[in-house]
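Here is a short report on one structure. Please look at the sequence and the model before reading on.

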Amino acid sequence: MGDFKTLTDMVRLARNNLDKGDWDYLVGAADTEASLNRNRAAVDSWTFLPRILQDVSDVKTSTQLLGQTLRIPVVLPPIGSVQAFTEKGGSAVAEAAADFGVLQILSSSCSPDFEAVAQQIQGPRIYQLYLSGDQAWLDDQIARTISSGYIGFCLTADTQVYSRRERDIMKNYVPMQARMATGTMLDQSGVNYQSTMSWDTVAHIKEKFDIPLIVKGVMNPEDAKRCVEVGVDVVYVSNHGGRQLDHTVACIDALPAVVEAVDGRVPVVVDGGFMRGADVIKGLCLGATAVGMGRFEALAAAAGGAAAIGRALSILEREIQISLALTGVADVADLHPGLMHRAQPLAASHALSAFPLLEEGY
Ligand SMILES: Cc1cc2nc3c(=O)[nH]c(=O)nc-3n(C[C@H](O)[C@H](O)[C@H](O)COP(=O)(O)O)c2cc1C
């Protein structure tokens with residue numbers, strides 16, 4: 001448990017530990033899985049134009065987000081049903097994030113619930129809520145998020161309806177609460193509150209509550225601009241790891257225009273296809289403050305719970321340090337687009353193509 005030497009070992013362990021249903025839920029995506037594959041292909045398409053003869057004897061990987069110091073510029077994004085991968089679910093991720101020094105964004109679609117996690121594990125974290133009630137219900141949830149000590153509140157805006165994930169449908173796999181699996185996220189009275197979410201919801205939260213607001217699922221620079229105008233505190237570029245709308249632009253390709261639209265007014269986080277230390281460096285070169293790593297987190301959880309997530313983060317940190325030094329940059333804050341060059345990916349990309357040794361039987 002948690003004593004693997006490489007991230008490739010971690011993925012192999014995760015695969016061995018999960019049955020086919022949970023494995024497919026973890027790696028799978030919507031419809032043709034084009035958004036998923038495109039995310040990875042685009043990360044693979046960015047290559048480095050390194051600089052030499054810089055003093056990189058002491059590299060700095062830490063960054064600030066919402067007043068917190070992240071030991072590496074990484075957040076652990078919301079993973080619904082993470083308890084399918086490790087028994088302690090969201091608490092295992094919370095424990096590893098707090099011990100290591102990165103931020104977790106806890107999903108409302110996992111167990112234990114956000115109040116139990118807050119009671120069990122000390123440490124700064126963000127709560128991501130799927131709407132499943134009216135405005136009074138939302139207000140109550142946010143008030144409880146604040147009183148439980150969460151440092152941020154995240155709305156996922158790319159899940160107006162639940163997508164069709166064929167791997168799960170063909171096996172009758174039911175990963176989330178029953179309402180999510182219906183494909184419509186109806187509550188008991190038959191309303192899909194997620195699809196009623198609008199800019200008014202965002203304005204309401206900003207007016208009524210004093211907690212930093214993260215909007216996750218921003219892809220279009222016009223939406224990024226609007227987020228900043230209405231006071232959103234973090235713009236989070238994401239296509240849900242390709243699990244919602246199929247055939248989107250890759251997230252790393254959406255990033256530069258969003259960064260330009262935001263123009264330094266708030267931090268930008270990006271996720272989608274980031275699996276290795278070098279990938280994190282690419283996201284930062286293109287203007288992100290931090291990179292979310294969803295399947296990385298889920299795979300690490302499946303490899304052995306909190307201990308394995310901690311181990312995976314340590315290996316990731318080493319990869320980041322090495323990539324930084326070899327790019328010729330001593331501090332993540334100094335990464336910039338001039339270090340990047342766009343090229344053809346080497347091979348067809350997919351959810352696990354960051355681990356090519358797996359295909360050779362390692
Ligand atoms: C198994 C799984 C469950 C997820 N559940 C949620 C969720 O409950 N809420 C949410 O906002 N995003 C959810 N996501 C999306 C992630 O937060 C993140 O955006 C995505 O995984 C990033 O892409 P990556 O897996 O390529 O890193 C989930 C992703 C996976 C893989």
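H350 touches N37, R40 and E359, leaving aside residues up to four places away in sequence. Contact here means heavy atoms within 4.5 Å. The side chain of H350 also makes a polar contact with the side chain of E359, at 3.2 Å. A polar contact is a pair of N or O atoms within 3.5 Å; within protein, one must be able to donate a hydrogen and the other to accept it, and residues adjacent in sequence count only if both atoms are side-chain atoms.

This is a predicted model: local features need pLDDT of at least 70, side-chain atom pairs count only at pLDDT 80 or more, and totals for chains, interfaces and linings use all residues. Residues are numbered from 1 along each chain as its sequence is written, and side-chain values use heavy atoms, with hydrogens and water left out.

**Two histidines**

H350 is found in the segment after strand 12 (340–342). Its relative accessible area is 31%, so H350 is partly exposed. Buried means under 20% relative accessible area, exposed over 50%, and partly exposed in between (1.4 Å probe, protein chains only). H336 lies in the loop between helix 13 and strand 12. H336 is also partly exposed, because its relative accessibility is 34%. Helices (H or I, at least four residues) and strands (E, at least two) are DSSP runs, numbered from the N terminus.

**Ligand site**

Where does H350 stand relative to S107? The two are 243 residues apart in sequence and 25 Å apart in space, C-alpha to C-alpha. S107 belongs to the ligand site. Of the 21 residues around the ligand, P78, S107, T156, D271 and G273 come nearest. A residue counts as near if one of its heavy atoms lies within 4 Å.

| Residue | Atom of the residue | Distance to a ligand oxygen |
|---|---|---|
| S107 | polar side-chain atom | 2.7 Å |
| D271 | polar side-chain atom | 2.6 Å |
| G273 | backbone N or O atom | 2.8 Å |

The protein covers 99% of the 600 Å² of accessible area that the ligand has on its own. Accessible areas come from the Shrake-Rupley method with a 1.4 Å probe; for residues, only the protein chains shown count as cover.

In helix 1 (residues 7–17), the buried residues include L7, T8, M10, V11 and A14. They span an arc of only 160 degrees around the axis, so they sit on the same side of helix 1. That arc is taken from the directions from the helix axis to the C-beta atoms. Their cover includes helix 2 (20–27) and helix 13 (294–327).

Helix 2 is mostly covered: seven of its eight residues are buried. Among its buried residues are W23, Y25 and L26. The cover includes helix 1, helix 3 (34–45), helix 7 (166–170) and helix 13. D19 caps the N-terminal end of helix 2, with a side-chain oxygen 3.1 Å from the backbone nitrogen of G21.

**Aromatic pairs**

The structure holds five aromatic pairs. Rings of Phe, Tyr and Trp (its six-membered ring) pair if their centres lie within 6.5 Å; planes under 30 degrees apart count as stacked, over 60 as edge-to-face and the rest as tilted. F114 and Y127 form a stacked pair, 4.2 Å centre to centre with 20 degrees between the planes. This pair links F114 in helix 5 (residues 114–120) to Y127 in strand 6 (residues 125–129), 13 residues apart. F114 counts as buried because its relative accessibility is 4%. Y127, at 3%, counts as buried too. Ring pairs also link Y25, F85 and Y173 into a cluster.
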